[in-house]
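Keep the sequence and the 3D view open as you read, and look up each part as it comes along.

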Amino acid sequence: MRVPFVDLKAQYQSISGPIQDAIARVIGDTAFIRGKYVEEFEANFAGFCGAKFCLGVGNGTDALFIALRALGIGQGDEVIVPANSFIATSEAVTMAGARVVFAEVDPITYNIDPAQIAAKITPRTKGIIPVHLYGQPADLPTICDLAAKHGLKVVQDCAQAHGAAIQGKPLAAYGDMLAFSFYPGKNLGAYGDAGAVLTNDAGLADRAKMFANHGRISKYDHEFEAVNSRMDGIQGAILNVKLGHLDEWTESRRRNAAIYDELLHPVPGITTPGTVSGNRHVYHLYVIRSGNRDALAAYLKEKGIDTGVHYPIALPNLMAYKYLGHSPADFPISSRYQSEILSLPMYAELTREMIETVVRHIKDFCSK
Ligand SMILES: Cc1ncc(COP(=O)(O)O)c(C=O)c1O
């Protein structure tokens, strides 16, 4: 049995009628950029996230950048980000004109470690970007306490965490702004690039809206120079249809993760994801660790099982951040995990039989 890493076609087949109708409506109304379908999605997604305001933007990287700029973070400021994430998290800091400061992750949850954040705070620190990596909430209560103590802003990178929660509270109950990606493979994915910025602060929402739309006050009156990053009508309409299925898809992901946990936990040489009890992990990715990761991935590939690595080079070890002068010893956990982590197939349409097949091959490999 072949098990793909993701299967966007299977998801599309289950909702193709309503999606086709939604796209046809946008074209019929020529509501191509922003417009009523985007506004409808913004209202629905704000409600889904428990936030007061939502702004649809061009993609998740822009969402982070726009949030930072709306908060007034820029040149001369430092922003603390985790050592293990996708480059967009740190890239947005540089795009905003600020300096990237990496902090090490927690060895169990792989999320940014608040104690390591505390160690990196300087008089120039203006913000923290906790990433809810793989769909598991970062320790927002501790991070927000730390931020309050030092007068820092918190922008959450929620690109992998649509619908995640902390002890029953939505992510939007914490911090200043939230940035989401709707890249097609995300838990809530568009059919192209899209993203969103959320906040509970009306002033920040207005600022972000202007920033994402040429610093506009009215059509040709601009208060400042900014950027063009607006959600397309077609993406808004598609996301609206898909949002109606998100809870059910998330529950399937969580069920699939529980099956993996149960079957893989006793396998020697494999470490299953460490979670925080009472938090809602939405399993954008199901990431195990193995000391023999590359050979395991190659073995699975041979057996028809696709896997991924998120991410194979920890951010401070990338060529892009050579200028910061770090060595892998500065981030021992992230640097070790980059060669141990392996993302297994994870999506709502995955069947128990598919998971059992993946696990059987992992067990065969580990017993050799
Ligand atoms: C953690 C994280 N942050 C930010 C992004 C950026 O999102 P986008 O690809 O929509 O720009 C992604 C997704 O690619 C991501 O996984």
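Let us begin with an open sheet of 3 strands, arranged in the order 12-13-14 with antiparallel pairing. Strand 12 (270-271) and strand 14 (341-344) stand at the edges with a single partner strand each, so one side of each has no neighbour in the sheet. Strands here are DSSP runs of E with at least two residues, helices are runs of H or I with at least four, and both are numbered from the N terminus. Two strands count as paired if DSSP finds at least two bridges between them. As background, strands of a sheet pair through backbone hydrogen bonds, either parallel or antiparallel.

This is a predicted model, where local features need pLDDT of at least 70 and side-chain atom pairs count only at pLDDT 80 or more, while totals for chains, interfaces and linings use all residues. Residues are numbered from 1 along each chain as its sequence is written.

Now follow the bridges. Strand 12 is joined to strand 13 (residues 286-290) by 2 bridges: Ile270 has Ser290 as its bridge partner, and Thr271 has Arg289. Strand 13 and strand 14 run antiparallel and are joined by 4 bridges; in one of them, Arg289 is partnered with Ile341 of strand 14. Why is strand 13 described as largely enclosed by the rest of the structure? The reason is that 4 of its 5 residues are buried. Buried means that 20 or more other C-beta atoms lie within 10 Å of a residue's own; exposed means 12 or fewer, partly exposed is in between, and the C-beta atoms are placed from the backbone.

The chain is divided into domain 1 (8-103 + 111-243) and domain 2 (246-367), with bounds that come from an automatic or database domain assignment. Their C-alpha centres lie 25 Å apart. The contact takes 27 residues from domain 1 and 25 residues from domain 2. Here, two residues are in contact if their C-beta atoms, placed from the backbone, lie within 7 Å.

On the domain 1 side, helix 1 (8-28), strand 3, strand 6 and helix 8 (233-243) are the elements that give two or more residues. By class, this side has 14 nonpolar, 11 polar and 2 charged residues. Nonpolar covers Ala, Val, Leu, Ile, Met, Phe, Trp, Tyr, Cys and Pro; charged covers Asp, Glu, Lys and Arg; the others, Gly among them, are polar.

## The nonpolar core

Which residues touch the most other members of the largest nonpolar core? They are Ala67, Leu68, Val197 and Leu198, out of 112 residues in this core. Both domain 1 and domain 2 give residues to this core, so it lies between them. A nonpolar core is a set of buried Ala, Val, Leu, Ile, Met, Phe, Trp, Tyr and Cys residues joined through C-beta atoms within 7 Å.

Leaving aside neighbours within four places in sequence, Ala67 is in contact with Val155, Met177, Ala179, Val197 and Ala208. Val155 is also touched by Ile129, whose other contacts include Leu64, Val79 and Asp157, not counting residues up to four places away in sequence. Ile129 sits in the loop between strand 4 (125-128) and helix 6 (140-150), and it counts as buried because it has 28 C-beta neighbours inside 10 Å. Ile129 and Val154 are 25 residues apart in sequence, but 6.0 Å apart in space, C-alpha to C-alpha.

## Around the ligand

There are 15 residues around the ligand, and Gly60, Thr61, Ala88, Ala159 and Ser181 come nearest. A residue is near a molecule or strand if its C-beta atom, placed from the backbone, lies within 6 Å of it. Helix 3 (60-70) and helix 4 (88-95) each supply at least two residues of this shell. The shell has 5 nonpolar, 8 polar and 2 charged residues.

Most residues other than glycine have a negative phi, and most peptide bonds are trans. Tyr110 has a positive phi, near 70°, and Gln167 has one of about 50°.

Are these two residues buried or exposed? Tyr110 is buried, with 25 other C-beta atoms within 10 Å, whereas Gln167 is exposed, with 12. Tyr110 is in the loop between strand 3 (99-103) and helix 5 (114-120); Gln167 is in the loop between strand 6 (165-166) and strand 7 (169-170). Lastly, a cis peptide bond, with omega about 20°, joins His310 and Tyr311.
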